[in-house]
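Open the structure in your viewer, switch to cartoon view, and keep the selection panel handy. We will go from one selection to the next, with a short note at each stop.

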Amino acid sequence: MPPFHVGLSGGLFGKDGQPCFDSRILADLRSRPDIVTTVMDASKTEITADDARRFDAVYLMLEQVKADVIDSPGRRLRLAARHGVGFDTVDVAGMADIGVMVTNTPEAVRRPVASMALTLLLALSHKLILKHNMTRAGRWAENADHMGLGLTGKRLGLLGAGSIGCEILRMVRVFDMHLAAADPYVSAEDLARLDTVKCDTDTLFAQSDFIIIATALTTETFHLVDAEKLALMKPGAAVINVARGPVIDEAALITALQNGHLGAAALDVFEQEPVDPANPLLFMDNVITTSHSLCWTDECFANIARDGLGSIHDFMDKRPPHFIVNRTVLDHPLMKGWFAK
């Protein structure tokens, strides 16, 4: 029986060929005699039919996987493991239909992404980037013109109160803000345990001083934050996006910032990634931008890799991984045959 061939995202490796997470975690995988690994080209943006014929599993950063592309004669691919929590780049339902398991790492990113959200909240409220640039430019005399905004008593609205959202709510309580969340899948009782009021989306936008977007990207949430929602916000309010870029209608956000209705924004994600260098958001003093990577720390990536590569270990050992996104795949004949061996 040929070894189980795993294709690893080139985006996870530096110029020195070393992974950007604890190399011992990868070494554990590579030490298995029944597994061989290949680092895919870092410029790869999509898993192709050739990849699906070559690899039994792929470990992904942001590469897209489409069922109609990979489902061709000779396909070996059975597992698509995401290095991270989001799976909007993977045709999850299509994968289940053709017998390919999709996994992710929701627990590993919970604290790092929540910490990132609070970092951006504090940076906005204290005008950190603006004052950093002022200091370097010798503009000390302008300090009184750029007062920050204290958080005590302000209203924080959270769009999406899943695993990451609830961690944000747990961590932010020390700032004595009024907390609210809009999420149709989380009960008012569960939110109340986090000192948070459940409300509808329009109310959230109308009443919040700061909005943190932490919802998954789905057909329902695509451009959920549009011109209409932004118009509901208080003049001078701020938006923070730690979810996915397309949750916000970026053109509407740019307009709201340019006309002065919104006070500020902090974005770790964009509709187009990498972001267009000419994007107006990159040139606004009241916008903080980071490259979909602010939560990237040694702790974060070690935890993600441990869970993500752990799903490959589990799969090879005939154990269903803990974090299966498309659990209906377990009923597919290919999966039943795999786990019955």
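Start by selecting helix H12, residues 298-316: its 19 residues reach 26 Å from first C-alpha to last, close to the 27 Å expected at 1.5 Å a residue. That expected span is 1.5 Å times one less than the number of residues. Helices here are DSSP runs of H or I with at least four residues, strands are runs of E with at least two, and both are numbered from the N terminus.

Before going further, note that this is a predicted model, in which local features need pLDDT of at least 70 and side-chain atom pairs count only at pLDDT 80 or more, while totals for chains, interfaces and linings use all residues. Residues are numbered from 1 along each chain as its sequence is written, and side-chain values use heavy atoms, with hydrogens and water left out.

Now colour H12 by burial: 14 of its 19 residues are buried (under 20% relative accessible area with a 1.4 Å probe, protein chains only; exposed is over 50%, partly exposed in between).

Next, show the side chains of Phe4, Phe315, Trp338 and Phe339, which form one aromatic cluster. Rings of Phe, Tyr and Trp (its six-membered ring) pair when their centres lie within 6.5 Å; planes under 30 degrees apart are stacked, over 60 edge-to-face, and the rest tilted. Phe4 and Phe315 have ring centres 6.0 Å apart and planes at 40°, so this pair is tilted. Because Phe4 belongs to strand E1 (residues 4-8) and Phe315 to H12, the pair ties together parts that are 311 residues apart in sequence.

Stay on Phe4 and look towards Trp338: this pair is also tilted, at 5.8 Å centre to centre with 40° between the planes. Trp338 lies in helix H13 (residues 333-340), so here the parts tied together are 334 residues apart in sequence. Phe4 counts as buried because its relative accessibility is 4%; Trp338, at 3%, counts as buried too.

Which residue lies over the face of Trp338? Select Lys318, at 3.1 Å from the ring centre (the criterion is NZ of Lys or CZ of Arg within 6 Å of the centre and within 35 degrees of the ring normal).

Finally, select the open sheet of seven strands, ordered E8-E7-E6-E9-E10-E11-E12 with parallel pairing (two strands pair if DSSP finds at least two bridges between them). Strands E8 (196-198) and E12 (287-289) stand at the edges with a single partner strand each, so one side of each has no neighbour in the sheet.
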